[in-house]
Amino acid sequence: MLSYTYVYLPCWKFLISDGVNARSLVRSLVNRMEGSGKEEYKIQSFDMETQKLLKTALKDPSAVDLEKVSSVIVDQSLKDQVFSKEAGRICYTIVQAEAKQNNGSVFRRNLLNRLQQEFKGREEMRKRSLQEWVCYVSFICNVFDYLKVDCLVLALHRIGEQLERMSLQRMDELFCQLRDGFLLQENLTSLGRLLLLEVLEFRAGGWTLSDTAQKYYYSEVAD
C-alpha cells in the first residue's frame, strides 16, 4: 500500500511552519460536514450500470467493489470538469457511509492511493492535456474541501509527533484553534465534534490513545 505521507506532509508542514490561519481552516472544514447527501448527485453522464454502481456505493458500500468505484470516479473526473466539481461530495458521502456501516476505510484508501499515483505523473499529465490537468486540480480541491477533517486527523495521527518536534509553538497554535473549533463552533456536527475531540485527546495522551479511548471513539464512529 502506498504511503499517504507523500501527499499530505507538504501541506501540513506548510500549515505548521508558516502559520496559516488555522481558525479559518477549522471553521470551513467543520461547516462542510453538514448536509452532504441531501441532494441528488449528478451522475447522469455514466451508463446505467455505472450509475447503479455509484448509487449502491453511496448507500451500501460493502455491497460493491470500492476499488472499482474509486477508479470510476477518478477516471470520469479527469475528463469531465463538471463532474470533477461534484465528485468531492460523492466521495465524502461514500467515506462516511462506509465508516458508519463497518468502520471501514477501503474506499478512502483506494481513492487516495489512486490520486497519489496521478500526482506522481502530474508533469506528464500537464504536458499531455491541459484540460486533464485542470480537471485533476479541480477534483483534488473538491476532495480536500469535503474530506478536510478526515485528512487532517489522518495526517496528525501519522506525522503529528514529527511536526511537533519541528515546531512545538506552531503545533500549540494549531491545537488552540482546533480546541476553539470544538468548543465554540455552534453548527458543528456530532461527527465533526467527535473527530476534533479525538485528535485533541490523541495529542494530550502523547500522540497515542488508551485502549479505552480507542474503543470509545471507534464504536462511536461505527454507530
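A charge sits over a ring when NZ of Lys or CZ of Arg is within 6 Å of the ring centre and within 35 degrees of the ring normal. Keep that rule handy for a later stop. What you have open is a predicted model, where local features need pLDDT of at least 70, side-chain atom pairs count only at pLDDT 80 or more, and totals for chains, interfaces and linings use all residues. Residues are numbered from 1 along each chain as its sequence is written, and side-chain values use heavy atoms, with hydrogens and water left out.

**Whole chain**

Start with a cartoon view. You'll find 12 helices and 0 strands (DSSP runs numbered from the N terminus: H or I of at least four residues for helices, E of at least two for strands). Now colour by burial: 48% of the 223 residues are buried (under 20% relative accessible area; exposed is over 50%, partly exposed in between, with a 1.4 Å probe and protein chains only). The accessible surface comes to about 11,800 Å², and carbon and sulfur atoms hold 50% of that (Shrake-Rupley method, 1.4 Å probe; for residues, only the protein chains shown count as cover).

**The charges over rings**

Select Phe119 and Arg122. Arg122 lies over the face of Phe119, 4.1 Å from the ring centre. Then hop to Trp133, where Arg126 is over the ring face at 4.5 Å from its centre.

**The largest core**

Next, show the largest nonpolar core, which has 34 residues. Such a core is a set of buried Ala, Val, Leu, Ile, Met, Phe, Trp, Tyr and Cys residues joined through side-chain atoms within 4.5 Å. Val69, Ile73, Ile94, Phe107, Leu111, Leu115 and Phe139 touch the most other members. Two or more residues come from each of α3 (48-59), α4 (66-77), α5 (81-102), α6 (106-120), α8 (130-146) and α9 (148-166). The biggest share is from α5, with 7 residues.

Centre on Val69. Beyond its neighbours within four places in sequence, Val69 contacts Leu53, Leu54, Ala57, Val64, Ile94 and Phe107. There is also a second, separate core of 21 residues, including Leu152, Leu156, Leu178 and Leu195.

**Helix α6**

Select α6: 15 residues, spanning 21 Å from first C-alpha to last, close to the 21 Å expected (1.5 Å times one less than the number of residues). Among its buried residues are Phe107, Asn110, Leu111, Arg114 and Glu118.

Move to α10 (residues 168-184), whose 17 residues reach 24 Å, close to the 24 Å expected. Its buried set includes Met171, Phe175, Leu178, Asp180 and Phe182.

Phe175 and Trp207 have ring centres 5.9 Å apart and planes at 85 degrees, so they are edge-to-face. Phe175 is in α10 while Trp207 is in the loop between α11 (190-204) and α12 (211-222), so this pair ties together parts 32 residues apart in sequence. Phe175 is buried at 6% relative accessible area, and Trp207 counts as buried at 10%.

Notes
Phe/Tyr/Trp six-rings, centres within 6.5 Å; stacked < 30°, edge-to-face > 60°. Contact = heavy atoms within 4.5 Å.
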